[in-house]
Amino acid sequence: MERTRKRYRGPARHARGAVALALLASGLAACGGSGGTPTLRWYINPDDGGQAKLAASCSAASGGRYKIETSVLPTDATQQREQLVRRLAAKDGGLDIMSLDPVFVPEAADAGFLRPFPASEAGQFTQGVFPAAVQSSTWKGRLVAAPFWANTQILWYRKSVAQKAGVNPNAPDFTWDKMIDAALRTNTTVGVQGNKYEGYMVWVNALVESAGGHVMTQVEKGSDASIDIDSPAGKAAATIISKLARSKAASPSLSTDDEEKARSLLNGSRGGFMVNWGYIWRAENGDAKDGVIDKSIPGDLGWAPYPGVNAGQKGKPPFGGIELGIGNFGKYKDTLAVDAVKCITSAENQKKYMIDSGNPAARPEVFSDPEVVKEFPMAGLIRDSIDAAAPRPLTPYYTDVSGAIQSRWHPPASVNPDTTPHKTDVFIHQVLRDQALL
Amino acid sequence: MTAVESAPAARAKGRPEISDRGRSERRLGLLLSAPAVVVMLLVTAYPLVNAVYLSLFSYRLTAPDDKRFVGLGNYATALTDPLFWQDVLTTFAVTLVTVAIELVIGFGFALVMHKVVFGKRTVRTAILLPYGIVTVISAFAWRFAFDLDSGFVNHWFGLGDYAWFSGRWSSLTVIILSEIWKTTPFVSLLLLAGLAQVPGELSEAATVDGATAWQRLRRVTIPNMKAAIMVAVLFRTLDAWRIFDNVFVMTKGQQNTETLSFLTYRQTITRTAIGLGDAVGVLLFLSVVLIAAVFIKGFRVDLSQVRGDR
């Protein structure tokens with residue numbers, strides 16, 4: 001380094017030398033940092049800092065046995081999976097804990113990326129936890145992830161609009177048909193997620209499940225699973241989507257709408273109804289406080305169970321949330337990582353996280369906590385909805401199945417109840433067998 | 001870049017007798033470029049060979065145990081799939097329109113930069129500015145400009161709530177506009193180099209003979225810079241053919257706006273269908289080679305001309 005500097009004196013050389021030194025120093029620091037407390041790396045989906053707070057409080061509670069550091073994954077669920085799969089396929093030993101979308105659990109488990117919990121540990125993660133969350137964390141009879149928080153969609157509506165249309169969204173026979181007709185009568189809209197992304201699959205699956213069917217069954221057969229979307233339930237789902245998409249009750253940008261676009265539609269002059277996750281309550285109140293939306297909107301906001309498809313048959317709301325997986329290649333996978341996951345998913349921390357971030361707990365008991373009820377007046381409805389929720393197909397080929405459905409059902413206005421379900425059925429089979437591109 | 005460097009040696013027609021000095025210069029040239037060639041082989045040849053090998057398997061990253069040899073099956077799947085051809089069409093449309101428009105606008109810019117008398121540096125900087133912006137950033141800027149919520153374009157032109165990104169061709173229009181805005185400066189830079197090579201006397205002589213400005217442009221300037229034009233078209237065609245970032249940021253491939261690079265990305269990275277994805281990747285590579293070959297052999301583009309050593 002000295003000799004180089006003497007021979008070439010110039011600002012550029014100095015700058016390069018400085019960069020090299022800085023890189024070297026940071027490299028050394030990275031190597032030398034693990035001298036004291038063992039560090040666990042937790043890959044989290046972006047939130048408002050709630051998971052980072054839990055990491056800090058669990059680190060403190062461990063009494064210096066471990067320290068959890070968080071790394072933030074991309075916003076979009078599909079891209080979160082992409083990054084995790086790439087790391088895990090390369091056997092990344094620095095991935096101790098990960099926040100996994102429930103639909104990606106089977107794939108990671110089937111590829112041997114997740115450390116399964118032995119029966120002796122499993123009980124504390126599954127007792128007093130929503131059935132859909134446990135089902136989504138289990139692969140081939142073994143618990144492979146710990147339910148952390150659970151999510152579901154409910155129906156959000158403007159009370160003034162429902163009144164004007166003369167409907168009661170909380171009535172047990174309130175269906176998608178009635179909702180679309182009510183929006184048409186009042187020249188308002190029904191907000192949904194119609195963009196070509198996972199959110200659209202959430203809607204399609206919820207409709208198929210609500211109509212009493214399934215997208216696929218016998219998932220443990222992998223690429224030979226039974227595809228069941230070509231059924232009366234699939235047709236019923238397609239009928240609703242095509243009816244809404246081709247009507248005036250659809251958002252003008254339906255085919256690109258995500259959760260936030262649907263929310264701004266509800267806040268707009270033609271806002272009427274919307275299916276969306278539980279975060280809406282917080283977001284609407286925050287925006288009203290900041291003056292982003294009219295102050296009167298939160299007071300006009302009503303909520304009701306996810307609408308049904310057939311009268312007399314309750315709707316099955318979508319299931320979401322986050323499960324915590326332990327990386328199968330980490331140094332502390334059988335020891336400290338398990339302790340950390342126990343700490344993060346305790347009922348107390350789930351409640352803290354729910355109040356902090358607005359994301360519902362995976363344990364029903366949290367919802368009757370007075371503090372939670374005060375923060376979320378609809379806590380009871382969310383609990384009952386998660387209890388009734390139907391997961392999306394739990395298959396290791398989930399990305400392909402979801403992608404195939406998005407490909408054949410998008411844009412929503414192109415859905416044809418007579419042909420779309422059948423075409424989708426054929427296409428999923430081809431995609432699973434590498435006989436078609438996706 | 002090695003192709004550019006070694007092209008003079010490969011010139012076929014009218015090759016003069018090589019002197020001893022010429023021979024030793026050539027040897028020195030090969031020697032000097034050898035390290036670069038070795039590095040190129042390491043970083044491009046190995047992944048390429050590996051991709052060709054993997055494309056012969058049905059193989060998923062998340063199901064490594066189910067890997068099985070399928071020969072050319074993946075290629076057959078890709079080439080018989082309507083999605084592949086739809087993406088070829090999209091890529092072709094984007095390439096054709098952008099290159100054609102960029103060539104015209106870029107030529108205009110090159111003339112302005114060439115002829116401008118005062119404020120030369122300011123004019124050149126202003127024209128080249130978009131090229132200095134990272135594509136992802138410019139893609140976001142264009143996306144937000146045409147977005148229903150944050151956009152100002154609809155407001156300016158009184159388009160109400162016209163959703164640009166809800167249709168195939170309207171999305172492609174925005175993608176193409178952004179692409180043109182971003183890379184026209186590159187074309188104009190290459191054309192400026194060509195303009196600078198046209199000897200001034202020719203134009204002067206034509207003026208003396210009574211040629212109009214249009215005639216001088218068509219009969220003197222353009223024929224004399226044909227090489228620079230072809231190089232600009234070749235570079236931009238290869239570039240546009242591999243378009244990815246604009247599509248990724250603006251539509252994520254929705255509304256049938258997916259291009260060939262995007263298709264490869266989705267099969268390989270998103271679906272982790274390594275075998276099928278690599279087959280598409282190899283097909284994309286072959287199409288790039290084909291375009292380059294057609295230009296160099298078919299249109300006789302001499303890459304050495306871009307350096308001005310005729």
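Biologist: What percentage of the 310 residues in chain B is buried?

Modeller: This is a predicted model, where local features need pLDDT of at least 70, side-chain atom pairs count only at pLDDT 80 or more, and totals for chains, interfaces and linings use all residues. Residues are numbered from 1 along each chain as its sequence is written, while chains are lettered from A and ligands numbered from 1 in the order in which they are written. A residue is buried if 20 or more other C-beta atoms, placed from the backbone, lie within 10 Å of its own. In chain B the buried share is 32%.

Biologist: How many helices and strands does chain B have?

Modeller: Both are DSSP runs, numbered from the N terminus: helices are H or I with at least four residues, strands are E with at least two. By that count, chain B has 14 helices and 2 strands.

Biologist: What span does helix α14 of chain B reach?

Modeller: This helix covers residues 274-298, which is 25 residues.

Biologist: Which elements of chain B do the buried residues of α14(B) pack against?

Modeller: Buried residues in α14(B) include B:I274, B:G275 and B:L284. Two residues are in contact if their C-beta atoms, placed from the backbone, lie within 7 Å. The packing partners in chain B are α2 (20-54), β1 (57-60), α3 (73-80) and α13 (260-270).

Notes
Buried ≥ 20, exposed ≤ 12 C-beta atoms within 10 Å, placed from the backbone. Expected span 1.5 Å × (residues − 1).
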